[in-house]
Amino acid sequence: MIRAGRRHLVRTLADLAAQQGIAVPTLLSSGRLQAEGFPAPLSAGRTRLYDGEQVDAYLAGRPVPTLPSADDDEDLLDRQEAAALSGIPPHTWDRRKKNPSVSEHMVLVGGVEHWPRRIVRDYTPGPRLRTGGGGGRPAGAGDQVPRDLLPARVAQLLDDDPALTAAGVTDQLGVHRNTAQAALTALRAERMADVMEQRGVTATRAAAALGYPASLTRRAGIRAAAIVRGRQARPYLADVARALHARGWTTTDTPPAVQHPDDDECVAALVLDGPEAPAAALVWSERHGWRTAPSRRHPLGRGAAWPPPGPGVRHLATGITPDPADLVNALDSTS
C-alpha cells in the first residue's frame, strides 16, 4: 500500500531505470531489484511500485528508512489490498469498485488503481431494489439497473436465493431477461470455479455445494470448467510474458497482461508493443498451442479460435505449452 502522505514519493520501474541510466529490460534482467537490501515493492500487484525515499537511500549507500506502520484513513490500497480489507475475493472487488460511491474516490498512482482506506472500509452495499411481485418487466422498458452495477445486485439476490432464476432477476431488478441470464451464468460460473479449485471437485459437485439446482447450471458448469483451466494456465502464460518482456519485445515497464476472452474456450492472448517484436500479438489455445495474430487490437479474432496459417498467422513451436525459451526461439525465426 501507499502510506498516507507518500503518494508523491512513488516511483515506477521506468523511474528507477531512468534514475540509474539504463533501460527497463536491463534493470529487470540485471538482478538489481533482487539484491540484498533493495527496498521491497509497495504491493504485490503485477505492476511494481517503489517508495522513492527508500530507493534513494539504498542507491546512496545509506540505511533504508522504514515506512510508517500505523494504518491511516488516507492510506491508498490497491486492488488486492482493498479486497483483503473488505473480506472478499479480488474479482468481487472488481465489481464493487464500479459503485459510484467507490469509483469517484479512485486514484491512479503509477498506472495502478488505488482507493483510500476509509472508502474501502466504510463502503456498505446498498439495499436490494424490489419492484413488487408477479408483474415482470414491462415490454419495451429500459433496464432499471446500470450494467456496471448489475453484477453486484445479482450477487446480493443470489446470496439470498441460490435457486434464483433469470425471471426472478427480471422481476426484482427490472432488467431484460437475456441480461439477467448472462449475469446469473457468469456469477454462478465464477463461484463454482472457486469451489472447484478449493475442493478439487467437479462442476456438478461445486454447484451442489453452493445450492444451485442442476437444471440451472449446465451452461455455468461449462464456463466454470473453462475458468479453472484458464486459471491453471496463468502461471505458464505469465512465464511466457516475462520471457518476451526480457527479450525486449515490449516497451512497457512490466510484462504484457494476458487477455482472456469471455467465452468457454481456454484461450488467451498477449499483445506485443516493442519496436523489435516479430509479431503484433500471440494467441495461445489449450488445444493447439501458440500462433501469431494479424490484429493487434483484436488478437483473438472472431469465429474460429484457431485459423489456418495465412497472412499474419503462423503456428509456433511444438506441444501445447512449450518452454518459454523455445517459444522465443520460434518467434526469432519470424523476424
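Select β4 and β5. They run antiparallel, joined by three bridges. This is a predicted model, so read every position on the tour as computed.

**Stop 1: the hairpin**

Stay on this pair. β4 and β5 form a hairpin, with two residues between the strands. Pick Gly-110 in the turn: its phi is positive, at about 60 degrees. Now show Val-107. His-114 of β5 stands opposite Val-107.

How much of β5 is buried? Four of its five residues are, which leaves the strand mostly covered.

**Stop 2**

You now have an open sheet with the order β3-β5-β4 and antiparallel pairing. Which strands are at its edges? They are β3 and β4 (107–109), and each pairs on one side only.

Follow β3 to its partner. Two bridges join β3 to β5, and the two run antiparallel. Show Leu-77 and look across to β5. The residue opposite is Trp-115.

**Stop 2: Asp-78**

What does the side chain of Asp-78 reach instead? Draw a distance to the backbone nitrogen of Gln-80: it reads 3.2 Å. With that side-chain oxygen, Asp-78 caps the N-terminal end of α4.

**Stop 3: helix α4**

Select α4 and colour Glu-81, Ala-82 and Ala-83. These three are buried. What covers the buried residues of α4? The cover includes β3 and α5 (90–96), along with β5 (112–116) and α7 (117–122). Both β3 and β5 are strands from the sheet at Stop 2.

**Stop 4: the four-stranded sheet**

What order do they take? These four strands form an open sheet, β6-β7-β8-β9, with antiparallel pairing. β6 (267–271) and β9 (315–316) stand at the edges with a single partner strand each, so one side of each has no neighbour in the sheet.

Zoom in on β6. Five bridges join β6 to β7 (residues 281–285), and these strands run antiparallel. Val-271 has Ala-281 of β7 as its bridge partner. Ala-268 is partnered with Trp-284, also in β7.

Are the faces of β6 covered or open? Both are covered. Val-267, Ala-269 and Val-271 lie on one side, Ala-268 and Leu-270 on the other, and all are buried. That makes five of five residues in β6.

What packs on this sheet? Select helix α12 (residues 218–246), which touches β6, β7 and β8 (289–293). The direction of α12 makes about 20 degrees with that of β6.

**Stop 5: Val-240**

Stay on α12 and pick Val-240, a residue of this helix. Why does Val-240 count as buried? Its relative accessibility is 1%, and the cut-off for buried is under 20%.

Which residues does Val-240 touch, leaving aside those up to four places away in sequence? Show Leu-270, Trp-290, Pro-324 and Leu-327. Leu-270 is one of the buried residues of β6.

Last, select Asp-323. Val-240 and Asp-323 are 83 residues apart in sequence, yet their C-alpha atoms are 8.1 Å apart in space.

**Zoom out**

Show the whole protein chain. How many helices and strands does the chain have? There are 13 helices and nine strands. Of the 335 residues in the chain, 41% are buried.

Look at the contacts too. Take those with a separation of 6 or more: 57% of them join residues 24 or more positions apart.

Terms used
Residues are numbered from 1 along each chain as its sequence is written. This is a predicted model: local features need pLDDT of at least 70, side-chain atom pairs count only at pLDDT 80 or more; totals for chains, interfaces and linings use all residues. Side-chain values use heavy atoms; hydrogens and water are left out. A polar contact is a pair of N or O atoms within 3.5 Å; within protein, one must be able to donate a hydrogen and the other to accept it, and residues adjacent in sequence count only if both atoms are side-chain atoms. Two strands pair if DSSP finds at least two bridges between them. Contact means heavy atoms within 4.5 Å. Axes are lines fitted to C-alpha atoms, for helices over the stretch in contact, and angles run from 0 to 180 degrees between N-to-C directions. Buried means under 20% relative accessible area, exposed over 50%, partly exposed in between (1.4 Å probe, protein chains only).
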